[in-house]
Amino acid sequence: MPGSEDPFIDQTREEAFSFTETLPNYVVKQYTTRYAARLARGSQTSWQALDTVTADVIEEGGTEKYKNILVNGQVPKVDVEKTGSWSRGEFSSLQLDVLAPNTNAHFHGKKATTIVNRAAFLYDFSVEQPNSHWHIEADGQSEQPAYTGSIWIDKENHRVLRIELSAQNLPRAFPLDTVESAVDYDYVFIGDGKYLLPVHSEALSCAHGANGCTRNVIDFRNYKKFSADSSITFDPEK
């Protein structure tokens, strides 16, 4: 695997790819609360909750599948993407893609910090458009934009604790001119093992040339082992 000229990033990359090989197949419940606001770029933003989307996310053989998608507890009459802003891929795929050699992210500005009571290094990074694998869809259009971001990496074990992304140079013809995303990772138990996986995510998108924005707040709960003959059941929400 090619080096990045930063030994700490190289070790982080090795840890991330090694970790995915030890992960069991699992299923987790994803809860997405969708909000909208007219004025979302000033300090007086007032977000209004629109609905809640739930889904079972199955990680099997390194691929993610989404099952039992419900909007406010009901099966949607159209694809969930057509009911409003909704995102996939908050799992290992995002972390691996940012660190993948063929993404060729440029990491810079390393500084010491603390996150979730862990000593960490914070890097800024940028990815050029030809190397981007970040798919953004809106109103039937799709883009893979250049993006910038920040990544927090545990000093002790080289594990990623948080990633932030911000799309750059979206075309004027594209419906959105602002797209941002952030994912927080923490340790969860699956069977007898403890794994660092996403627990919370937020996504912001704003319409091009307008003040209307949407915001998704996503939580991942109740990780469980999954096998092909498993039946997926979760305890009812209190």
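Tutor: Two strands pair if DSSP finds at least two bridges between them. Strands are DSSP runs of E of at least two residues, numbered from the N terminus. The model is predicted, so local features need pLDDT of at least 70, side-chain atom pairs count only at pLDDT 80 or more, and totals for chains, interfaces and linings use all residues. Residues are numbered from 1 along each chain as its sequence is written, and side-chain values use heavy atoms, with hydrogens and water left out.

Student: How many bridges join strand β8 to strand β9?

Tutor: There are 8 bridges between β8 (residues 146-154) and β9 (residues 160-168), in the antiparallel sense. Within this pair, Y147 has A167 in β9 as its bridge partner.

Student: Which strands does β2 pair with?

Tutor: Strand β2 (residues 48-60) pairs with β1 (residues 26-37) over 11 antiparallel bridges, and T32 stands opposite V53 in β2. Strand β2 is also joined to β3 (residues 63-71), again antiparallel, by 7 bridges. E60 has T63 in β3 as its bridge partner. A hairpin is formed by β2 and β3 with 2 residues between them, and G61 in the turn has a positive phi of about 60°.

Student: In what order do the strands form the sheet?

Tutor: The open sheet has 10 strands in the order β3-β2-β1-β12-β11-β10-β9-β8-β5-β4, with antiparallel pairing. Because β3 and β4 (106-115) stand at the edges with a single partner strand each, one side of each is left without a neighbour in the sheet. From one strand to the next, the twist averages 20°; axes are lines fitted to C-alpha atoms, for helices over the stretch in contact, and angles run from 0 to 180 degrees between N-to-C directions.

Conventions
Helix = DSSP H or I, 4+ residues; strand = E, 2+ residues; numbered from the N terminus.
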